[in-house]
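Here is a friendly walk through one model, meant to be read with the viewer open.

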Amino acid sequence: MTVETPPGPRLRAWLLEGSAKRAQQLKGGKRETVKSHEHPWWKVMCLTGVDYFSTLGYQPGIAALAAGVLSPLATIVLVLLTLGGALPIYRRVAKESPYGQGSIAMLEKLMSWWSGKLLVLVLLGFVATDFVITITLSAADATAHVTENPFVPSFFHGKEVLITTLLIALLGGVFLKGFAEAIGVAVTLVGVYLTLNVVVVAVALWHVFASPDLIVSWQDLLVAKHPNPWLMIGVALIVFPKLALGLSGFETGVSVMPLVKGLPGDTHDNPAGRVRNTRRLLVTAALIMSAFLITSSFATTVLIPHQAFEAGGPANGRALAYLAHDYLGDVFGTFYDISTIAILWFAGASAMAGLLNIVPRYLPRYGMAPDWARASRPLVIVVSVIAFVITWLFDASVEAQGGAYATGVLVLISSAAVAVTLSARRARQRKAFLAYLVITVIFAYTTVVNIIERPDGVKIAAFFIVAIVLTSLISRATRSLELRVEEVDFDTAAQRILDKAVRSGEIRIIANEPDARDADEYREKEREAREDNNIPNDSALLFLEVTISDASDFETTLRVRGEKRYGYRILRVRSPSIANAIAAILLHIRDETGKRPHVYFAWTEGNPFKFIGRYLFFGDGDVPPVTREVLRRAEPDPERRPMVHVG
């Protein structure tokens, strides 16, 4: 449904600029890919990599704080779960949800009616947590690299909240202006950043192996604290949830699938080339990140004193930058800082792009957000303001936000694990089902442990969930009287019935709630309609029967089927709402034939307040007055509005 911007202030027009085009690209999951916007998989990997790879800026420091001397072992556990758990899950997600909706779309298909919509709203709360904290945490870590640089004046120390807020504001400003060249910028940033990290890690490892006493000291400390090897493994497994930030890139990886160039033979129903290249993207990114996680964790744990990782320490949130300055000099270290600041800032851009992609795919389609939510600029403003508040609440601390970030990441991966497990079960793939079930249990355990130890993530997610659910329900109620129909399509039999009605004169339609559908039902309905509305006996009548499909759906396409039954001509259709479907069909008939159709109802007996609830949640209720109101809003001119009669 195209968004029309009414005349108004310039600000409103600027905010909504491009919303119609965006609505067409997002609607139905069939038009979101434009050939000119497709890119080779390795370039798209760089777009996701600004989020995934940028965690190297703070992950080694967080791992050292969480696991101490066990950090390398805990990181190995993280890598094993990455390659053996998250990667297989999202390879399947890429196959079953190839249009950018990710695992949420898979779960949406498994659950219908309001339970499915509520599940999606809850998951969107965790998506918002993940992506918004990505923006604030990345900006906070970029600030740490700014303030700890030796060439930066001491004046900036203590101004972390202000600097982080300015970085977020700059990010929002870029998106308000437009962000067409994101892929090219991402390729440059990721290429430079990974190259500098290769240099830093290689030099650090050279210093480690050139001084065997460092390794011996680390081993002695490890044995002293954990004399039993099995105890080491057990502790590494226990502290692993705190390292879950290193799993952050997978949901983003599948959300950008529409940007991945496939093969010439790809079709909408079978985008095999796009799926294959996205899987290549996921595998390559996971292998690169795994190599960096293990080597950087080992080097930073052995070379950096533990107290330097603590809050206020020079390595807090910037362990690799600490090594870059220490072993390669302040000039190289400054170049490394600039690269890290840039990619961390751009990681926020990746998260912002993810939100602008995810939210319009669900909430407006559910009727649970205004149609302007398909436009980018209002969403950018809302997200930026929320990011300002979170930055202030957490005092721009990387460590303080780590728990919230990990919660969002882990819940999304756990939901993806559940989705692919159920998918394998439905496909009767027993071995795959059992393997995915084990992975699901592991991620569920990790998520629960993280929530118990660091409840901040759940608190933030709960805020987002409550806000999304409340605003969604209010929006759904206020938008319930919209036409809510994308297209009306008459089949051949229905078109013949309509053509015959046009030739006979006035188009008169009886709205019938199908019951037994026998000859007596239609005969009695016709008699009542003629008597109550004084319809001449020689005037032809049609029957229109609407059957409720999934009342929780909002936008729909109506497929009208025609049939003759006991000599009566009947139009039949399935829709989430009876009143909206009738109104849409009447307007379609008027536009197709040039005649104003008449529709005839009988009054509904019962409490009107109960009918309001039934209309909002079950799609039926007191149909006549609602149909008339939907028509009044859709067609302001009374002379062109289809006629509604109630007897």
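## Helices lying across the sheet

Helix H24, made of residues 623–634, lies across strands E6 and E7. Relative to E7, H24 runs at about 165°. Bear in mind as you look that this is a predicted model.

Helix H22 (residues 578–593) also lies across strands: E1, E2 (508–511), E3 (542–548), E4, E5 (568–575) and E6 (598–601). The angle of H22 to E1 is about 60°.

## The sheet itself

In what order do the strands of the open sheet come? The order is E1-E4-E5-E3-E2-E6-E7, which makes 7 strands, and the pairing is mixed. Strands E1 (485–490) and E7 (643–646) stand at the edges; each has a single partner strand, so one side of each is left without a neighbour in the sheet. On average, neighbouring strands here are turned by 25° against each other, direction ignored.

As a reminder, strands of a sheet pair through backbone hydrogen bonds, either parallel or antiparallel. E1 and strand E4 (residues 556–565) run parallel, joined by 5 bridges. If you want a place to look at this pairing, Val485 stands opposite Thr556 in E4.

## Salt bridges on the strands

How many salt bridges does a search of the whole structure find? The search finds 15. One of the pairs to inspect is Glu545 with Arg572, where the closest N and O atoms are 3.3 Å apart. This pair links distant parts of the chain, since Glu545 sits in strand E3 and Arg572 in strand E5, 27 residues apart. Both Glu545 and Arg572 are buried.

Arg572 has a further salt bridge, with the side chain of Glu563, at 3.8 Å from N to O. Why does Arg572 count as buried? Its relative accessibility is 17%, and the cut-off for buried is under 20%. Glu563, with a relative accessible area of 22%, is partly exposed. Through salt bridges that share partners, Glu545, Glu563, Arg565 and Arg572 are joined into one network.

## A salt bridge within a helix

Another salt bridge joins the side chains of Asp520 and Arg523, at 2.6 Å from N to O. Both residues belong to helix H21 (residues 519–533), and because they are 3 residues apart, about one helical turn separates Asp520 from Arg523. Arg523 counts as partly exposed, with 44% relative accessibility.

Now for helices H4 (residues 59–67) and H5 (residues 71–96). These helices pack at an angle of about 115°, and their axes are 9 Å apart. The crossing of H4 and H5 is right-handed.

Which residues meet where H4 and H5 are in contact? From H4 come Gln59, Ala63, Ala64 and Ala67, and from H5 come Ser71, Ala74, Thr75 and Leu78. Sorted by class, this contact has 5 nonpolar residues and 3 polar ones, with no charged residues.

## A buried serine

One last stop is Ser138, found in helix H7 (residues 113–147). Is Ser138 buried or exposed? Ser138 is buried, because its relative accessible area is 0%. Leaving aside neighbours within four places in sequence, Ser138 is in contact with Tyr58, Ile133, Leu344, Ala347 and Gly348.

Technical notes:
Residues are numbered from 1 along each chain as its sequence is written. This is a predicted model: local features need pLDDT of at least 70, side-chain atom pairs count only at pLDDT 80 or more; totals for chains, interfaces and linings use all residues. Side-chain values use heavy atoms; hydrogens and water are left out. Helices (H or I, at least four residues) and strands (E, at least two) are DSSP runs, numbered from the N terminus. Buried means under 20% relative accessible area, exposed over 50%, partly exposed in between (1.4 Å probe, protein chains only). Contact means heavy atoms within 4.5 Å. Axes are lines fitted to C-alpha atoms, for helices over the stretch in contact, and angles run from 0 to 180 degrees between N-to-C directions. A crossing is left-handed if the near helix is turned anticlockwise from the far one by less than a right angle, and right-handed if clockwise. Ala, Val, Leu, Ile, Met, Phe, Trp, Tyr, Cys and Pro count as nonpolar, Asp, Glu, Lys and Arg as charged, and the others, Gly among them, as polar. Two strands pair if DSSP finds at least two bridges between them. A salt bridge is a side-chain nitrogen of Lys or Arg within 4 Å of a carboxyl oxygen of Asp or Glu.
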